[in-house]
Amino acid sequence: MKKYVLDLTVKSVERLHERYVLVKLTDSNPLPEMLPGQFVEVRVDGSPSTFLRRPISIHFVDYSLNELWLLVATIGEGTRHIGELRAGDVLNCMLPLGNGFSLQDVATATSTDGKALSRSHLLVGGGVGVAPLLYLGKMLKEQGAEPTFLLGARTAKDLLMLNEFGKYGRVLVTTEDGSQGERGFVTQHSVLSEERFNLIQCCGPTPMMKAVARYAHSVHTECEVSLENLMACGLGACLCCVEKVRGDQDQPTNVCVCKEGPVFNINRLLWQD
């Protein structure tokens, strides 16, 4: 897929939470094709201590409005600077980067009588890891799947964009303190013992993704996870994001997450070893 370096115009910046902002970007030309799970590398101008671009997941693309949405956790100097942008400012973005979640063959299954079978997908996210799942849910629904979102947070106030997620599928919630949804972690939600899914797709903190991967492995369900390794260049040149995975004949090999990922089937990872 062709990559672009674009000076995008900030359409709006909405403070969703003390740590999170939603940045909506647009351009004078139609936005290029982008896939769920891909990311952008954002140049942070005007920050004397930020020299490298910041990788940010593609949260949503609205082609009817020519908008790209970025959900940004303002936890460092660079991302805090992004959170201070105003409408009309320009943000230089390199996009789209990496390989996204699986979308192929979503609605092609048929029963023995020739009728189409629905494809049920469980999309699991925690923290800012929920970001790529909104666009993924939209794409899956448009292709005939039935997305279920399972979103986890520490407290109810840390849950983000629930109304937006609800436009594309069922939304289930866990909070660690029980202030909304079921109490506990996403892997403790009752849906995991009551239902089965065709595919689980996940993004969030690594311990959470590893727990989801163990669950998926235990119930023999295909599972994809989006790794959050440090990605400085986004092109596989700086080697900051190297991950050891299964290669040919199951021999371990190193790959750049930014180039071969960030999304991987868990069967390629060494988490189960």
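Mentor: Start with pLDDT, the predictor's confidence in each residue, from 0 to 100. This is a predicted model, where local features need pLDDT of at least 70, side-chain atom pairs count only at pLDDT 80 or more, and totals for chains, interfaces and linings use all residues. Residues are numbered from 1 along each chain as its sequence is written, and side-chain values use heavy atoms, with hydrogens and water left out.

Trainee: OK, what's the mean pLDDT of the protein chain?

Mentor: The mean is 92, and 94% of the residues reach 70 or more.

Trainee: And where does pLDDT stay under 50?

Mentor: Over residues 107-112. The model has 11 contacts (heavy atoms within 4.5 Å) beyond four places in sequence for that stretch. Where pLDDT is low, the predicted coordinates should not be read in detail.

Trainee: Got it. What's the strand order in the open sheet?

Mentor: The order is 4-3-7-1-2-6-5, seven strands with antiparallel pairing. Strands (E, at least two residues) and helices (H or I, at least four) are DSSP runs, numbered from the N terminus, and two strands pair if DSSP finds at least two bridges between them.

Trainee: Which strands are at the edges?

Mentor: Strand 4 (54-57) and strand 5 (60-62), each pairing on one side only. Strand 5 pairs with strand 6 (residues 67-73) over three bridges, in the antiparallel sense. Leu-68 in strand 6 is the bridge partner of Val-61.

Trainee: What packs on the sheet?

Mentor: Helix 2 (residues 131-142) does, touching strand 4, strand 5 and strand 6. Its direction makes about 45° with that of strand 5; axes are lines fitted to C-alpha atoms, for helices over the stretch in contact, and angles run from 0 to 180 degrees between N-to-C directions.

Trainee: Why is helix 2 called largely enclosed?

Mentor: Because 10 of its 12 residues are buried, meaning under 20% relative accessible area with a 1.4 Å probe, protein chains only. Among them are Leu-133, Tyr-135 and even Lys-138.

Trainee: Switching topic: which residues touch the most other members of the largest nonpolar core?

Mentor: Leu-25, Leu-68 and Leu-70, out of 47 residues. A nonpolar core is a set of buried Ala, Val, Leu, Ile, Met, Phe, Trp, Tyr and Cys residues joined through side-chain atoms within 4.5 Å. Helix 2 gives the most to this core, with seven residues.

Trainee: And what's in the second core?

Mentor: That separate core has 34 residues, including Phe-39, Tyr-215, Val-255 and Ile-266.

Conventions. Buried means under 20% relative accessible area, exposed over 50%, partly exposed in between (1.4 Å probe, protein chains only).
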